[in-house]
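Good morning, colleagues. Please look at the sequence and the structure on the screen while I take you through selected side chains, strands and helices.

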Amino acid sequence: MATKIRLQRRGRKGYAFYSIVVADARAPRDGRFTEKIGTYNPNTNPATVDLNFECALYWVEAGAQPTDTARNILSHEGVYLMKHLRGGVKKGAFDEAEAQKKFDAWKDAKVKGDEKVRANDAKAKKDAYEKELRAEKAINENIAKKVAEKKAAAAAAAAESEAAETEEAPAEA
């Protein structure tokens, strides 16, 4: 039986959400599966992955073939790096502690990169909001100036017409 690691679609129309599952290669995409090993949400920036790392590593080492997208997700989460490091331990290139140290260093760098992406995204949103607010304030100031000019013109016209009426009143008397 050939096993695959694949994505199983969940969520509503226009808002895809996936489960990462281990399934028989002959099973349909959203059909029966052997084990659910995580979730993948592409709607966030960066995409959110909740993965049972040990189960994923077990299935990759057991020979389960991931689809292209699942392979990218597993690689991004470090499953293939850990498989590679465990292979080095088996060959005697380095010991288990050194492999774990290398993996932890990689994971820390990845987490810092993800935090940087989130911070840049938040900063860009804040800057766009402030720019929009400044533009709206400028528009409101222009409108306020035009309204003030109209009121001043109307007041001047009213004062002028009142002055004309007062001039006509003494002439009649």
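Glu77 counts as buried, because its relative accessibility is 12%; buried means under 20% relative accessible area, exposed means over 50%, and partly exposed is in between, with a 1.4 Å probe and protein chains only. What you see is a predicted model, in which local features need pLDDT of at least 70, side-chain atom pairs count only at pLDDT 80 or more, and totals for chains, interfaces and linings use all residues. Residues are numbered from 1 along each chain as its sequence is written, and side-chain values use heavy atoms, with hydrogens and water left out.

Which residues does Glu77 meet in salt bridges? One partner is Lys107, with the closest N and O atoms 3.8 Å apart. A salt bridge here is a side-chain nitrogen of Lys or Arg within 4 Å of a carboxyl oxygen of Asp or Glu. Glu77 belongs to helix 2 (residues 68–77) and Lys107 to helix 4, so this pair ties together parts that are 30 residues apart in sequence. Helices are DSSP runs of H or I with at least four residues, strands are runs of E with at least two, and both are numbered from the N terminus. Lys107 counts as partly exposed, because its relative accessibility is 25%.

The other partner is Lys110, whose closest N and O atoms with Glu77 are 3.9 Å apart. Since Lys110 lies in helix 4 and Glu77 in helix 2, this pair ties together parts 33 residues apart in sequence. Lys110 is buried, with a relative accessible area of 15%.

Lys110 also meets Asp114 in a salt bridge, at 3.3 Å from N to O. These two residues are 4 apart in helix 4, so about one helical turn separates them. In general, an α-helix has 3.6 residues a turn, so residues three or four places apart point the same way. Asp114 counts as buried, at 18% relative accessibility. Through shared partners, salt bridges join Glu77, Lys107, Lys110 and Asp114 into one network. Leaving aside residues up to four places away in sequence, Asp114 touches Pro46 and His76, where contact means heavy atoms within 4.5 Å. Across the whole structure, the search finds 9 salt bridges.

I turn now to the aromatic rings. How many aromatic pairs does the structure hold? There are 4. Rings of Phe, Tyr and Trp (its six-membered ring) pair if their centres lie within 6.5 Å; planes under 30 degrees apart count as stacked, over 60 as edge-to-face, and the rest as tilted. In the pair of Phe53 and Phe103, the centres are 5.4 Å apart and the planes stand at 45°, so the pair is tilted. Phe53 is in helix 1 (residues 53–61) and Phe103 in helix 4 (residues 96–172), and the pair links distant parts of the chain, 50 residues apart. Both of these phenylalanines, Phe53 and Phe103, are buried. Together with Trp106, Phe53 and Phe103 form one aromatic cluster.

A ring also meets a charge: the charged end of Lys102 sits over the ring of Phe94, 4.3 Å from its centre. The criterion is that NZ of Lys or CZ of Arg is within 6 Å of the ring centre and within 35 degrees of the ring normal.

Next, the strands. Strand 1 (residues 3–12) pairs with strand 2 in the antiparallel sense over 10 bridges; two strands pair if DSSP finds at least two bridges between them. The two form a hairpin with 2 residues between them, and Gly14 in the turn has a positive phi of about 85°. Arg10 stands opposite Phe17 in strand 2. Strand 2 also pairs with strand 3 (residues 35–41), again antiparallel, over 5 bridges. In strand 3, Gly38 is the bridge partner of Ile20.

The buried residues of helix 3 are Val79, Met82, Leu85 and Gly88. Just after helix 3, Gly92 takes a positive phi of about 90°.
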